[in-house]
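Please take a look at the structure shown here, and keep it in view while you read. We will walk through it together, one part at a time.

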Amino acid sequence: MSKTRYKNQKESNEAIAKAYIENDYTNSQNKLLLVSKANYGKISSNVCYSSVDDKGMNFYEFNKNAERNLMLIERYEWSDFSSVTINHSITKSAFTFVGHDKNRDITIEVKGKEVEQVIRNHSSMEVNVVKRPVWTKVLGYRSQTSWKMFMASTIYTLILLFILHALLPAATHNFIMELASLVLFLSIIGLLIGLIKPKWVLPKFKVKTRKRVLFSYLYLIFSCFFIAVAFTDGESTSTPASTQVSSSQNSVTVASKKDGADSSKQKVEKNDSDKAVKEEAKQKAEEQAAKEEAKRKAEEQAAKEEAKRKAEEQAAKEEAKRKAEEQAAKEEAKRKAEEQAAKEEAKRKAEEQAAKEEAERKAQEQAAKEEAERQAEKQAAKEEAERKAQQQAASQQATTSSSTSSSGNYKPFENDPSDDQQSNMSCSGQIKGNKNSKIYHVPGGAYYDRTQDNIVWFCSEADAQAAGYRKSQR
């Protein structure tokens with residue numbers, strides 16, 4: 001299949017695209033089910049086509065002047081999506097696919113319901129179809145845009161008006177014209193009131209805004225105006241015809257009964273009647289023009305007031321937004337200042353606490369140092385006292401030793417532990433010392449008789465002290 005072949009056969013773009021897609025699916029394991037024109041959003045501004053198969057969708061960009069007319073843009077697998085929301089209209093269907101990582105908005109033209117059926121039959125996606133009222137599928141109401149619905153309503157009303165004008169008898173035209181004029185007058189009043197207080201003139205609407213009032217009552221005004229004009233024209237065209245018929249009949253009747261003078265009189269009356277009809281039609285046309293001019297001025301005034309109101313609302317919103325931003329900025333600055341002050345206060349307290357702890361630590365260290373020095377001094381004094389005592393004892397011992405050596409009497413006797421009798425002593429003294437405790441006892445002492453073992457005998461207390469013993473306290 002070549003580009004030249006398609007140009008020679010002058011095939012349509014859709015036929016060219018379908019041929020290319022069928023050729024691409026020749027060696028594919030997927031089964032091609034349908035081909036449709038599609039809208040792929042902002043990814044491609046050219047015409048796009050979609051091919052739907054049992055596993056997913058392919059999207060192609062069409063360019064008839066390119067070497068290859070159809071280029072594959074992207075493919076979506078049904079398994080990539082968990083659900084789809086479908087919004088059907090008369091000429092197209094909008095698909096919103098919800099996937100695990102991202103969503104896709106795709107518009108399929110004409111064959112949207114067939115694509116929906118393929119999705120239901122060949123995928124496990126949850127299918128949600130948007131239920132829309134029948135009137136929203138009518139041309140002009142599908143987008144739900146106010147001005148489009150206004151234009152569509154006006155056009156449909158004109159079409160219905162022409163049909164009713166042709167079907168209704170002429171006898172009802174005058175009544176319809178008067179009724180339309182009354183409704184037109186009430187609609188103008190309702191429009192003026194609604195632009196001030198919308199809720200007074202929109203009792204059945206949930207959304208009560210000046211925009212809704214403007215579109216609703218302008219539609220009523222235009223419709224009633226068209227009805228009044230249409231049925232006024234019908235009345236004016238039918239009246240001269242009936243007058244002419246009746247005049248002709250009268251002329252024939254008078255001609256058969258009266259002479260030429262009566263016929264002339266009848267013609268004068270006919271001319272007067274025609275003149276009156278023309279004047280009445282002219283007067284009605286002038287009244288209609290005055291009504292239209294008043295209506296136009298009212299619409300211009302309403303538009304000006306609406307624009308002024310919107311400008312004031314916008315200015316008020318901007319002013320409120322600016323004040324809110326300023327207030328937020330002030331509050332933010334105040335909050336930051338409070339946070340800064342709190343941080344500084346916390347820092348100051350921490351520093352004070354650290355200084356206090358440091359002072360306490362130094363005081364404790366100083367007290368400990370002083371206590372250690374005091375203990376050291378006390379220990380040194382004690383050692384000095386012991387040293388002096390030892391020196392004194394040594395001096396006394398040396399003195400005693402020297403005196404004993406000179407006398408030749410000092411020779412302590414340590415008795416046999418099994419025999420502690422004094423008869424074993426070589427000296428005549430009775431000083432009893434305990435070899436283990438280094439304590440000596442004098443006769444009459446509390447422990448003198450109790451000391452039975454490890455006895456060392458001394459002749460005198462000086463001998464015991466010189467030997468390093470101390471006297472018992474009892």
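What follows begins with the whole chain and then visits several places within it.

First, a word on the ground rules. This is a predicted model, in which local features need pLDDT of at least 70 and side-chain atom pairs count only at pLDDT 80 or more, while totals for chains, interfaces and linings use all residues. Residues are numbered from 1 along each chain as its sequence is written, and side-chain values use heavy atoms, with hydrogens and water left out.

Let us start with the overall picture. The protein chain has nine helices and 13 strands; here helices (H or I, at least four residues) and strands (E, at least two) are DSSP runs, numbered from the N terminus. Of its 474 residues, 27% count as buried, where buried means under 20% relative accessible area, exposed over 50% and partly exposed in between, with a 1.4 Å probe and protein chains only. The accessible surface comes to about 32,000 Å², and carbon and sulfur atoms hold 53% of that area; such areas come from the Shrake-Rupley method with a 1.4 Å probe, and for residues only the protein chains shown count as cover. Among contacts with a separation of 6 or more, 51% are between residues 24 or more positions apart. Contact here means heavy atoms within 4.5 Å.

Now step inside. In soluble globular proteins, nonpolar side chains tend to be buried together. The largest nonpolar core in this model has 19 residues, and Trp 78, Val 84, Phe 95, Phe 97 and Ile 119 have the most contacts inside it. A nonpolar core is a set of buried Ala, Val, Leu, Ile, Met, Phe, Trp, Tyr and Cys residues joined through side-chain atoms within 4.5 Å. At least two residues of this core come from each of β1 (32–39), β3 (56–62), β5, β6, β7 (103–109) and α3 (112–122). Not counting residues up to four places away in sequence, Ile 119 touches Trp 78, Val 84, Phe 95, Phe 97, Met 125 and Val 127. Another core, of twelve residues, lies apart from it and includes Leu 184, Val 201, Val 213 and Cys 224.

Aromatic rings deserve a stop of their own. A search of the whole structure finds eleven aromatic pairs. Rings of Phe, Tyr and Trp (its six-membered ring) pair if their centres lie within 6.5 Å; planes under 30 degrees apart count as stacked, over 60 as edge-to-face and the rest as tilted. The centres of Phe 81 and Phe 97 are 5.0 Å apart and their planes are at 40 degrees, so this pair is tilted. Because Phe 81 lies in strand β5 (residues 81–88) and Phe 97 in strand β6 (residues 92–99), the pair ties together parts that are 16 residues apart in sequence. Both Phe 81 and Phe 97 are buried. These two also belong to one aromatic cluster with Phe 59, Tyr 76, Trp 78 and Phe 95.

Next, visit helix α7 (residues 210–257), where Arg 212 is found. With 30% relative accessibility, Arg 212 counts as partly exposed. Beyond its neighbours within four places in sequence, Arg 212 is in contact with Leu 202, Phe 205 and Val 207. Ala 228 lies in helix α7 too, but Ala 228 is buried, with a relative accessible area of 5%. Leaving aside neighbours within four places in sequence, the contacts of Ala 228 are Met 177, Ala 180 and Ser 181. Asn 434 is in contact with Ile 439, Thr 451, Asn 454 and Tyr 469, leaving aside its neighbours within four places in sequence. The loop between β10 (431–434) and β11 (439–441) contains Lys 438. Most residues other than glycine have a negative phi, and most peptide bonds are trans. Phi of Lys 438, however, is positive, near 60 degrees. Lys 438 counts as partly exposed, at 39% relative accessibility.
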